[in-house]
Amino acid sequence: MSDLLFFTEVTLAGLGSGALLALTALAFVLIYKATRVINLAVGEMLMLGGYLFFAFAAGLGLPAFAAIPLAVAGGGLVGAIVERGLIRPMLGENPISVFMVTIGLGSVLVGLVELVWGTDPRALPAFMGTTPVFIGEAYVSRKIAIAFVVAAVVIAVFLTLFRFWRGGVALRATATDQAAAYSCGINVPGVFSLAWIVGCGTAAGAGVLLGSIGGISPAMGVFGLSALVVVIVGGLDSVAGALVGGLVIGLIEAWAGTYLGGEYKLVTTFGLLLVALMIRPYGLFGTTEIERL
Amino acid sequence: MFGITRRTLIALSASAAIATSLPAAAADDIVIGGSIPLTGVFAFAGIGIEAGMQDYIKILNEAGGIQGRKVRLAYEDTGYKVDASVAVFNKLTSQDEIHLYYGDSTGFAKTINGELDRLGSIMMAGASFATELNDPKAFPHQFMAGPDYSEMTGILLEYIAKEKPGAKIVLVNSDTEFGRDPIAATKARAGELGLEVVEEIITPPTAVDVSTEVLKLRRARPDYTIFHGYVLAPLPEFMSQAKQLGLETKFMGTFWSMDSSIWAKVGEAADGFMGVMPYRYYYDEAGDAPMLDRIREMRPEYQSTPYMQGFLTAMLFTEAAKRTLEAGKELNGTNLKAALNSIENFDTGGIIGVPISIPGNSIPVGRIYRYDASAQKMQPASDWISVQE
């Protein structure tokens with residue numbers, strides 16, 4: 001096999017896993033963009049999404065086309081409950097306090113999942129097929145190819161919504177200036193709820209994709225930390241930044257893992273994070289003024 | 001009056017009721033302490049380990065205990081964090097007189113080793129099979145109820161060398177202390193046996209997607225791929241992608257990735273996965289395994305491989321205590337370890353398929369099993385292999 005073909009395959013694999021990172025990063029961005037809350041429980045929401053899919057598909061025996069929307073909706077529902085029950089009462093509090101609430105929420109979700117489904121790692125029912133995908137001569141893992149397409153479509157939809165849909169514009173307006181948004185008649189609490197519902201639903205969807213690749217376990221939420229790097233590089237409040245950041249980090253991890261060795265993957269990723277923060281502290285595409293925690 | 005209000009009286013009588021309802025703990029109980037992970041990344045193992053230890057202790061106590069003394073397990077959850085394990089150790093050892101202790105990780109075993117040496121009163125075993133711990137000079141009061149990780153891969157290599165002399169091997173290890181443990185020893189042993197390690201793949205601990213690693217595997221085209229440092233993920237994904245690419249390689253693992261109920265949940269893709277197991281499986285109906293019959297009687301549903309590990313560890317703990325007391329010696333780390341090391345050709349009731357001896361810190365025996373997806377069981381693929389030097 002030629003080195004060029006191998007390089008192409010590695011690059012495609014990197015783009016695919018980068019897309020998964022981008023999708024998870026999107027959950028951080030959606031919530032931060034509207035509410036200025038960094039939701040550290042995104043990883044655990046993702047895990048919950050994987051388990052909900054497992055419950056619907058393996059437990060109730062529903063087909064994937066029904067189980068996936070239900071898992072995403074379940075994630076959204078949990079997002080709505082969390083926003084209404086935990087986050088809204090904290091409005092106006094110190095951002096650190098809200099941040100800590102989301103850390104606690106993550107632990108609670110892990111505990112609940114361990115109580116309901118136990119602690120064994122599990123595999124999700126296969127729903128993506130097994131025929132390998134070839135682009136030209138280059139092999140791409142089927143699941144990674146699907147994840148890439150899903151992430152690309154979802155992100156494109158969000159970019160369009162933020163640009164043209166009234167609700168999207170309301171969200172941007174709320175993010176820019178809450179008081180002004182109120183005075184224009186925008187239902188700011190409604191926007192907050194919407195952001196949490198959509199953000200958590202997205203995380204749950206990413207959890208289904210991730211779980212179908214790597215299986216599910218209560219500890220799979222650590223993936224959220226890798227996605228946090230993506231949003232810091234891409235910009236905490238930029239949807240496009242999540243996409244570009246995800247793809248860049250996916251590519252760099254793939255190249256570093258292949259040509260330097262797997263042990264260099266994280267070193268390279270976090271090295272890149274440091275460099276990115278030194279050059280553009282607010283991320284590649286982020287708004288210049290962001291809160292520091 | 002003594003100033004006792006009605007409320008105080010109710011509180012006092014309630015606490016008295018609670019105190020009397022607790023199981024009686026006699027002063028001469030032999031207490032096994034335990035830092036056991038019941039939550040966190042290693043919880044699946046901790047839950048099985050605790051159940052296995054409790055069951056063996058129950059069997060032993062029903063048969064009269066050790067010289068009439070009952071055995072009891074005192075343990076707390078650690079979440080698989082070294083600092084929590086140390087805190088639990090300090091708490092339990094200050095509450096009870098403890099001479100036997102179960103630790104949950106390599107990190108804890110190394111951290112607490114100095115304290116074990118200083119105290120001199122405790123012998124410890126645990127969930128770690130780290131090669132480093134298999135050194136009676138550096139870890140005089142510890143042992144492991146099975147082969148160390150290098151001995152495990154050594155057993156796999158013995159099998160490979162017999163099945164396919166000169167085979168090409170790829171090592172896949174997680175980038176953790178656990179994962180990296182046997183790499184050097186495996187490479188050295190492979191060389192001695194005339195096997196060729198053609199590629200080493202290291203995966204970050206958080207790795208989920210392994211597409212790039214599978215590409216490396218395809219380039220190397222090995223006959224066997226040995227995983228170490230994982231429980232389940234990302235093994236199934238490796239296997240299903242390799243299958244998609246038409247790779248012929250056989251996949252193998254070590255003890256912590258050998259539980260058959262975990263592979264049963266993976267389904268068809270798990271078929272053919274092989275690995276080394278120091279113990280028999282719950283469903284093994286071998287004629288010389290009365291202890292497995294007993295376990296099935298106590299628990300009609302499948303028990304995991306960590307259960308067997310906990311069960312055997314409790315058996316060895318109490319055997320060492322029994323031998324120490326029978327020799328009229330005091331229960332302390334040195335005497336217990338000497339008694340453990342006196343174990344020779346010991347029958348484990350069939351938990352391990354051959355009689356065992358423990359001259360050092362490990363039991364370097366294991367057997368190769370292969371997962372059969374249609375039967376949803378691990379089936380023996382070799383006889384018991386000993387790598388005792």
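Author: Domain bounds here come from an automatic or database domain assignment. With that settled, let us look at this predicted model together.

Reader: Gladly. Into which domains is chain B divided, and what separation do their centres have?

Author: Chain B has a domain 1 (30-146 + 287-358) and a domain 2 (149-277 + 367-386). Taken over C-alpha atoms, the centres of domain 1 and domain 2 of chain B are separated by 28 Å. Ten residues from domain 1 of chain B and 15 residues from domain 2 of chain B make up their contact. On the domain 1 side of chain B, the residues that touch domain 2 divide into four nonpolar, six polar and no charged.

Reader: How should I read the sheet in chain B: what is its strand order?

Author: The general idea comes first: strands of a sheet pair through backbone hydrogen bonds, either parallel or antiparallel. In this case, four strands form an open sheet in the order β2-β1-β3-β4 (chain B), with parallel pairing. Because β2 (71-77) and β4 (123-126) of chain B stand at the edges with a single partner strand each, one side of each is left without a neighbour in the sheet. From one strand to the next, the twist averages 20°.

Reader: Which strand does β1 of chain B pair with over four bridges, and what packs on the sheet?

Author: Strand β1 (residues 30-36) of chain B pairs with strand β3 (residues 98-103) of chain B over four bridges, in the parallel sense. In that pairing, Val31(B) stands opposite Ile98(B). Helix α3 (residues 82-95) of chain B packs on the sheet, where it touches β1, β2 and β3 of chain B, and its direction makes about 160° with that of β1(B). Helix α4 (residues 106-119) of chain B also packs on the sheet, touching β1, β3 and β4 of chain B, at about 165° to the direction of β3(B).

Reader: And the two chains: how many residues does each give to the contact?

Author: Chain A gives 37 residues and chain B gives 32 residues. On the side of chain A that touches chain B, α1(A) gives the most, with eight residues. That side of chain A divides into 17 nonpolar, 14 polar and six charged residues.

Reader: Finally, which residues touch the most other members of the largest nonpolar core?

Author: In soluble globular proteins, nonpolar side chains tend to be buried together. Here the largest nonpolar core has 213 residues, of which Ala22(A), Leu26(A) and Phe28(A) touch the most other members. The element that gives the most to this core is α1(A), with 18 residues. Domain 1 and domain 2 of chain B both give residues to this core, so the core lies between them. Ala22(A) has contacts that include Ala151(A), Ile155(A) and Val230(A).

Methods: Residues are numbered from 1 along each chain as its sequence is written. Chains are lettered from A and ligands numbered from 1 in the order in which they are written. This is a predicted model: local features need pLDDT of at least 70, side-chain atom pairs count only at pLDDT 80 or more; totals for chains, interfaces and linings use all residues. Two residues are in contact if their C-beta atoms, placed from the backbone, lie within 7 Å. Helices (H or I, at least four residues) and strands (E, at least two) are DSSP runs, numbered from the N terminus. Ala, Val, Leu, Ile, Met, Phe, Trp, Tyr, Cys and Pro count as nonpolar, Asp, Glu, Lys and Arg as charged, and the others, Gly among them, as polar. Two strands pair if DSSP finds at least two bridges between them. Axes are lines fitted to C-alpha atoms, for helices over the stretch in contact, and angles run from 0 to 180 degrees between N-to-C directions. A nonpolar core is a set of buried Ala, Val, Leu, Ile, Met, Phe, Trp, Tyr and Cys residues joined through C-beta atoms within 7 Å. A residue is buried if 20 or more other C-beta atoms lie within 10 Å of its own, exposed if 12 or fewer, and partly exposed in between; C-beta atoms are placed from the backbone. Lists of a residue's contacts leave out its neighbours within four places in sequence.
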